[in-house]
Each structure stands twice: as structure tokens, then as C-alpha cells.
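Please keep the sequence and the coordinates at hand.

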Amino acid sequence: MSSESKVGPVRVGSISEEDYLSCTRCGACSYACPVYRVNLTQSFSPRGRVALLRAASRGEAELGEGFGSRFYDCTLCAACTETCPSGVKVDELLLKVRQEL
């Protein structure tokens, strides 16, 4: 474990559990995401980013350079938000995370 990594519940600024717990992990957002369509890696999908945020809030993810980069790989095009049947505003969540990292 690197010295800059930390494990433990994380609260990212103004993001509350209600902002991401409505994600049902259906994957509709993934196929709307241009970054996911290029990488075909779940952690690059909107659903994967929400899962990383959820894991960090539970203390289940190491917060290091790789963690932060996933939130900056997003183009903030909002295709995921427009597609999400649960109404998760993924683009707004990622913008909040970026502001706090």
C-alpha cells in the first residue's frame, strides 16, 4: 500500500448516499458512454465510476492515483445521465468528485 493511499470510509464533499444509491447497476449508461465504448473496461463506465464512489464511501477502495484518474477520464458529456432509467445524475456526481479530489 503506498503512502498516499488510504482506506476507510470517505465522504466526498457534498455527495450524499442518496446521490448514488439509486443506481441499480443496469448498465444502460455504459453503452451511452463514449469513453466506455472505446475502453470496454467497467471501471471506465459510468456504472463503474459510481461503484468506485460507493466502494470508497464504504472504505472498500484504496484512494490513490488510479482511483482519481477514473473520475477525470470522463468527458462529462452527460449521455449517461440522459440514459439512466433511475435518474442518477452521474455527470454531476463526477463533477463534484473532481472538485473534491
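Among contacts in the protein chain between residues at least 6 apart in sequence, 64% join residues at least 24 apart, where contact means heavy atoms within 4.5 Å. The model is predicted, so to speak of local features requires pLDDT of at least 70, side-chain atom pairs count only at pLDDT 80 or more, and totals for chains, interfaces and linings use all residues. Residues are numbered from 1 along each chain as its sequence is written, and side-chain values use heavy atoms, with hydrogens and water left out.

The protein chain holds seven helices and zero strands, and from the N terminus on its elements run α-α-α-α-α-α-α. Helices (H or I, at least four residues) and strands (E, at least two) are DSSP runs, numbered from the N terminus. Of the 101 residues in the protein chain, 43% are buried. Buried stands for under 20% relative accessible area, exposed for over 50%, and partly exposed for values in between (1.4 Å probe, protein chains only).

With helix α5 (residues 65–72), helix α4 (residues 46–57) packs at an angle of about 140 degrees, and the axes are 10 Å apart. That angle makes α4 oblique to α5. Axes are lines fitted to C-alpha atoms, for helices over the stretch in contact, and angles run from 0 to 180 degrees between N-to-C directions. Angles under 35 degrees count as roughly parallel, over 145 as roughly antiparallel, 65 to 115 as roughly perpendicular, and the rest as oblique. The crossing in which α4 passes α5 is left-handed; a crossing has this hand if the near helix is turned anticlockwise from the far one by less than a right angle, and is right-handed if clockwise. R49, L52, L53 and A56 of α4 meet F67, R70 and F71 of α5 in this contact. By class, the contact of α4 with α5 has five nonpolar, no polar and two charged residues. Here Ala, Val, Leu, Ile, Met, Phe, Trp, Tyr, Cys and Pro count as nonpolar, Asp, Glu, Lys and Arg as charged, and the others, Gly among them, as polar.

On the α4 side the contact is made by P46, R49, V50 and L53, and on the α7 side by V90, L93, L94 and V97. These residues divide into seven nonpolar, no polar and one charged.

R54 also lies in helix α4. Is R54 buried or exposed? At 6% relative accessibility, R54 counts as buried. Not counting residues up to four places away in sequence, R54 touches Y20, L21, C23 and R25.

C33 sits in the loop between α2 (28–32) and α3 (34–39). With a relative accessible area of 7%, C33 is buried. Leaving aside residues up to four places away in sequence, C33 touches F44, P46 and R49. The C-alpha atoms of C33 and A78 are separated by 8.5 Å, although these residues are 45 residues apart along the chain.

The count of aromatic pairs comes to one. Rings of Phe, Tyr and Trp (its six-membered ring) pair if their centres lie within 6.5 Å; planes under 30 degrees apart count as stacked, over 60 as edge-to-face and the rest as tilted. The rings of Y31 and Y36 have centres 5.9 Å apart and planes at 85 degrees, so the pair is edge-to-face. Y31 is exposed, at a relative accessible area of 59%, whereas Y36 is buried at 8% relative accessibility.
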